[in-house]
Amino acid sequence: MNTIISPSILSADFANLERDVKRIEDSGADWVHVDVMDGHFVPNITIGVPVVKSLKKITNLPLDVHLMIENPDKYIEPFAKAGADILTFHYESLCYEPSYYGHSELDSESSILQIINKIHSFGIKAGISIKPKTQAQVLLPFLDKVDMVLVMTVEPGFGGQEFMEDCAEKIKFIKENSKDDLIIQVDGGINDKTALICKSYGANSLVAGSYIYKSSNISEAIKSLK
């Protein structure tokens with residue numbers, strides 16, 4: 001599988017979002033990564049359903065929507081209908097603090113499987129993500145059910161953070177325990193050097209924001225990740 005490059009529009013100019021999406025589309029990007037943050041699950045607030053709906057009108061690239069939100073099950077249908085092609089939710093939104101979210105561990109696993117099935121019911125890809133402090137082993141019940149696993153190599157919530165290599169080591173475990181066609185995506189501190197580390201462990205999709213959008217040559221930046 002060729003490496004899928006999914007530039008994060010979190011680093012784009014929101015006043016010129018159509019222009020900046022066209023720039024990555026014309027420069028060889030494969031997907032558009034859309035970071036949805038609610039100010040609760042992560043400490044920042046970004047964009048929601050209306051922006052995804054608008055993006056769908058101006059690009060032919062698949063919309064790779066990363067839900068960093070509480071209660072993701074409530075928002076699957078709105079984002080799917082808005083045009084998301086891939087919907088990724090966080091394991092921790094249901095399992096990290098079960099007492100806080102009102103779930104037992106057993107209920108949480110069942111809820112995750114329901115979310116995966118609900119995403120698939122809209123004919124789109126389902127992804128599951130883990131934060132840096134979450135072990136890859138928690139994903140074992142879901143690796144044959146999802147289309148993508150997203151490994152965070154920074155704490156989610158802000159762009160421009162430094163890459164955590166110990167988090168990238170989870171990729172190897174996921175690769176060894178998953179089906180051949182699983183997309184293993186990495187997000188956080190990705191550049192031409194850290195991309196090599198991630199790919200050496202088995203990653204086949206990379207999210208990059210600052211590295212691409214702050215580059216003087218976006219096309220060359222994307223090519224360097226591939």
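## Val65 and the nonpolar cores

Leaving aside residues up to four places away in sequence, Val65 touches Val34, Val36, Val52, Phe79, Ala84, Ile86, Leu87 and Thr88. A second, separate core consists of five residues, among them Ile4, Ile86, Met148 and Ile183. The structure described here is a predicted model.

The largest nonpolar core has 62 residues, of which Ile9 and Val65 touch the most other members.

## Asp35, a buried acidic residue

Asp35 lies in strand β2, which covers residues 32–37. Asp35 is buried but has no salt bridge. The nearest side chain of opposite charge is that of Lys131, 13 Å away.

The side chain of Asp35 makes a polar contact of 2.6 Å with the side chain of Ser8, and another of 3.1 Å with the side chain of His33. Not counting residues up to four places away in sequence, the residues that Asp35 touches are Ser8, Leu10, Thr46, Ile47, His66, Met68 and Asp187.

## Salt bridges

Side chains of opposite charge can pair when their charged atoms come close. The structure contains nine salt bridges. A network of salt bridges links Asp13, Arg19, Asp20 and Arg23. Within this group, Asp13 and Arg19 meet through their side chains at 3.8 Å, N to O. Asp13 is partly exposed, at 31% relative accessible area, and Arg19 is also partly exposed, at 42%.

Arg23 and Asp20 form a salt bridge with an N to O distance of 3.0 Å. Both belong to helix α1 (residues 17–26), and because they are three residues apart there, about one helical turn separates them. Asp20 is buried, with a relative accessible area of 2%, whereas Arg23 is partly exposed at 33%.

A further salt bridge joins the side chains of Asp192 and Lys193 at 4.0 Å, N to O. Here Asp192 is partly exposed, with 28% relative accessibility, while Lys193 is exposed, with 60%.

## Cysteines without disulfides

The structure holds zero disulfides. The cysteine sulfur closest to that of Cys167 belongs to Cys198 and is 10 Å away, so the two are too far apart for a bond. Cys198 is likewise in no disulfide, its nearest cysteine sulfur being that of Cys167.

Conventions:
Residues are numbered from 1 along each chain as its sequence is written. This is a predicted model: local features need pLDDT of at least 70, side-chain atom pairs count only at pLDDT 80 or more; totals for chains, interfaces and linings use all residues. Side-chain values use heavy atoms; hydrogens and water are left out. A nonpolar core is a set of buried Ala, Val, Leu, Ile, Met, Phe, Trp, Tyr and Cys residues joined through side-chain atoms within 4.5 Å. Buried means under 20% relative accessible area, exposed over 50%, partly exposed in between (1.4 Å probe, protein chains only). Contact means heavy atoms within 4.5 Å. Helices (H or I, at least four residues) and strands (E, at least two) are DSSP runs, numbered from the N terminus. Lys and Arg count as positive and Asp and Glu as negative; His and the chain ends are not counted. A polar contact is a pair of N or O atoms within 3.5 Å; within protein, one must be able to donate a hydrogen and the other to accept it, and residues adjacent in sequence count only if both atoms are side-chain atoms. A disulfide is a pair of cysteine sulfur atoms within 2.5 Å.
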